Amino acid sequence: MGAEQMNVIDLRSDTITHPTEAMRKAMSEAEVGDDVYGEDPSINLLEQRASEILGKEAGLLTASGTMSNLVAALTYCHRGDEIIMGDQAHMFWNESAGVSALAGAQVRLVPNDDQGKIDPADLSAAIRPRGNVHMPPTTLVCLENTHNRCSGAALTPQDTKAVADVAHEAGASVHMDGARIFNAAVALEVPPAELVKDVDDVSFCLSKALSCPVGSVLVGSEEFIGEARRWRKMIGGGMRQAGVLAAAGLVALETMIERLADDHANARRLAQGLADIEGLKVDPESIQTNIVIFEIEPSVGTAPEVLQALADAGVKVTPSRTQTLRMVTHRQVDSADVEEALSRVAGVVGKLREQNKA
Amino acid sequence: MMALIDLRSDTVTHPTDEMRRAMAAAEVGDDVFGEDPTINALQERAAGLMGQEAGLLTASGTMSNLIAALAWCSRGDEMIMGQEAHMFWNESAGPTALAGAQIRLVPNDVNGRISAQDVAAAVRDSSNIHVPATTLVCLENTHNRCSGGVMTPQDTREVVDVAHAAGAAVHLDGARIFNAAVALEVPASELTKDVDDVSFCLSKALSCPVGSVLCGSEEFIGKARKWRKMVGGGMRQAGVLAAAGLVALDSMVERLADDHANARRLAAGLANIDGLTVDEDGIQTNIVIFEVDREKVGDAREVIAALREDGVLVSHSRDQALRMVTHRHITAGDVDEALSRVNGTVRRMAGAA
C-alpha cells in the first residue's frame, strides 16, 4: 500500500484532537462578551462549572496548560524562591523554562518513580530551612496528574495528600499540573474533586483528550484566582470574546470525560501488542491511562531512527526519554486503528532488526 | 428599557455572522506542530498586508507587544517609547517585569507621534558601564491615549532611521493600524514596511472574538514563536480563531471609515455641550477623548457612573479625560442618541454642581 493511500495513524498526542460537531455548533452559537471586563457569559459559566467539578472556589480560562502553570508560578512565587517538582515534570522538561525565566524561581528536582509519584521523604529533605540568608525559600511544590513522562500514571488521593501535607507543613503551596486530571479520575474511578482536594490549585487542559480546540482552566481559591487574573493579563492571556472557546469546554465537561475509558482501553491494548514485538519493551500492567511509553532495544536502532521509520509507515509517535518513544490514544484512534498500528509497528521493527543483523 | 450604548472600546465588538460561519467550518490542526492550515493562511495573509516576511497569531495585543520586547531586548536594556504609550500605561509593566528592560519615555504630540529628534536625544551610549543599551524603540499607530491620532509613513520612516542608526530595532504597536491606513488612505504596508516588526489586533474594530497578529522577518518570527510558547501562547486548533481573522482582513477594513465618521460626529456634538471640551479637528479615527470640567460638571469617575445610569458606557482615560470609541455596533443614530443622553447627564450634574 503506497504512503499516499494508507491512512496515517496519529498517536503523537491527544492535543491533535479536533473539536466535535457538537462543539463546533456550540462555538458558533456561543453567547459572548468582553472577558477583560468580565462580561463573557460562556467563559463565566465554564469557569464556574470547572471550579464546581474540582471542588474549588473559582476558575480562570487560559490559552494553554503552559500558560496555566506559568500563571500559578507567577502568582505564588517571588523572584529568588525555589519550586520543587518531580524530575520528570512536564513543567521542567517542556515549558521553555518559563517559571525560571519569567517568574524568577529556581527549580529543584526530586525523583519521580515509574508511577510518577514523589516520595514525601524526598520532598521533606529538599525543603529549604527558613531564616538562612543564603537559601531561597521553598514556596511552591508542583505535582503532575496524570504524569506525561511516566506513561500517563495516575496519582491517588492518598499519594497527593502525603506530598501536600509535607509541603503545607513547610509553608509552601501546592500546584497540580492536572493537564490530564480527568484521565486520572476515570482510571481510578474517583470524582475529580477527590484528586485535588489537598492541593491549593489545579490546572487542566481542554485541548487534550477532551478535544476542545484551545485552552486550559486554572482553578483555586477566589483570592488565588483574583491574583492569577492579573498575571494572566501581563503575559498576554487576557482574551476578549473567548466564549467561543469556552463553549467547547462546556460541551467537553458534559460529554467527553466518560469516554476517556475507551482511550485507556486502547492504550492497554497497544501496550500488550507492543510488548509482544521482539525488540520493544513495555510493561502493559503499568499502563493506567492513555499514554504508552515503550523502550527500543539497541538491536532495533535509535529512537529517532525508529520514529522516522514508523512515520514512513504511517504511524506517528513522539520522542520521550532516551531510547524510548511515546504513543497517546484519543478519540480519533479507534480499536481498529490500534490493531493496524500494531501490525505496522511489528513490520517496521522486524525489518529494522533484519537490516541490523545483516 | 433603553438600550445601552457601549462606547467603552472597540474590543466589545462581537464576531459577525460570517465570522461565526467561518469559525464553525474552519479547517484546523495542531498549531504547536505548525499543522493548522487556517492559522498558516492567516499568518501569511497578514504578513503580506504588513509588507513583512512572516506572521504569528497571538492571544492578544498585549501578548504580541510582550513577545516583541522579549525577542528584541536583553535584561538590562532600555526601550524607548512615547509617554502616552499603551505599552507603558496598560500592559501591566510586562516588558519590564518579564523582559527585564527599562522603559525610557519621550514626548508624544497631540496626535501621538514621537519625534526623531527626541528619540535621537534619548538613545544611550552604552560604552559606559553605567549605561543600558537602547535596543528597541516602540511606536504606536493609531495612538490610543492621543485620541486615535495617526503617524504618517513619513513620520514613521524618520523615527525608524534614527533608531536603526543607533542600532536599535523598531516595534510598531499597530493594534489599530488599519484605522490609520483607512484614515490616511494609504495601504497599511506603507505604514509598516519600514519597521522591524508590527503587531495588529483582530479583536478590536476588526471585530474578531480573539487575537492579534505579530509580523516581521522570518528570523524574528522564529524567535517570537519560542517566546510565545514560553508565555503560554502556544495554542492548538486555534484555526477556529484564525478563520474569523481571515474574514476580517477581507471584509472589515474598509468599513472602518464609517467608525471614523461616527467619531467625528460624536466629537462635533460633544463640543457643543457646555462643560465638555474636545478638539474636533484632532479626531482622525475612531477614538474621541474629551475633557469634563470638574467645577462645572463633576469628577470624571462620577460622570462615568452617571452616564452609565443614563445608558451610555464610556471609559476613563486620565484625570478629567473620558474616552469614547466607535465601532460596528454604533450607528449614526446611536451617536445622536448618545449625544442626547450625554447632554442630559451633563446638564443634570451641572445643575447640581
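Residues are numbered from 1 along each chain as its sequence is written, chains are lettered from A and ligands numbered from 1 in the order in which they are written. Because the model is predicted, local features need pLDDT of at least 70 and side-chain atom pairs count only at pLDDT 80 or more, while totals for chains, interfaces and linings use all residues; side-chain values use heavy atoms, with hydrogens and water left out.

**Stop 1: the domains of chain A**

Select residues 3-16 + 259-357 of chain A for domain 1 and 21-255 for domain 2, bounds that come from an automatic or database domain assignment. Their C-alpha centres lie 29 Å apart, and the contact (heavy atoms within 4.5 Å) takes 19 residues from domain 1 of chain A and 21 residues from domain 2 of chain A. The two domains bury about 1700 Å² between them, 46% of it on carbon and sulfur atoms, where buried area is the accessible area (1.4 Å probe) that two parts lose on being put together, summed over both. On the side of domain 1 of chain A, highlight Leu260(A), Gln288(A) and Arg321(A), which lose the most area and together account for 34% of what that side buries.

Next, show the side chains of Arg180(A) and Asp14(A), which form a salt bridge with the closest N and O atoms 2.7 Å apart; the term requires a side-chain nitrogen of Lys or Arg within 4 Å of a carboxyl oxygen of Asp or Glu. The rule finds 1 salt bridge across this domain interface.

**Stop 2: an aromatic pair in chain A**

Now select Phe182(A) and Phe204(A), whose ring centres are 5.1 Å apart and whose planes stand at 85°, so the pair is edge-to-face. Rings of Phe, Tyr and Trp (its six-membered ring) pair if their centres lie within 6.5 Å, and planes under 30 degrees apart count as stacked, over 60 as edge-to-face and the rest as tilted. Phe182(A) lies in helix α8 (residues 181-188) and Phe204(A) in strand β7 (residues 201-205) of chain A, so the pair ties together parts that are 22 residues apart in sequence. Helices (H or I, at least four residues) and strands (E, at least two) are DSSP runs, numbered from the N terminus.

**Stop 3: between the chains**

**Stop 4: the domains of chain B**

Finally, select 5-11 + 255-352 of chain B as domain 1 and 17-251 as domain 2, with C-alpha centres 28 Å apart. Here 20 residues of domain 1 of chain B are in contact with 21 residues of domain 2 of chain B, and the area buried between these domains is about 1600 Å². Asp10(B), Leu256(B) and Gln284(B) lose the most area on the domain 1 side, together 33% of what that side buries. Of the 2 salt bridges found across this interface, one place to look is Arg318(B) with Glu84(B), where the closest N and O atoms are 3.3 Å apart. The largest share of the domain 1 side that touches domain 2 of chain B, 4 residues, comes from α12(B).
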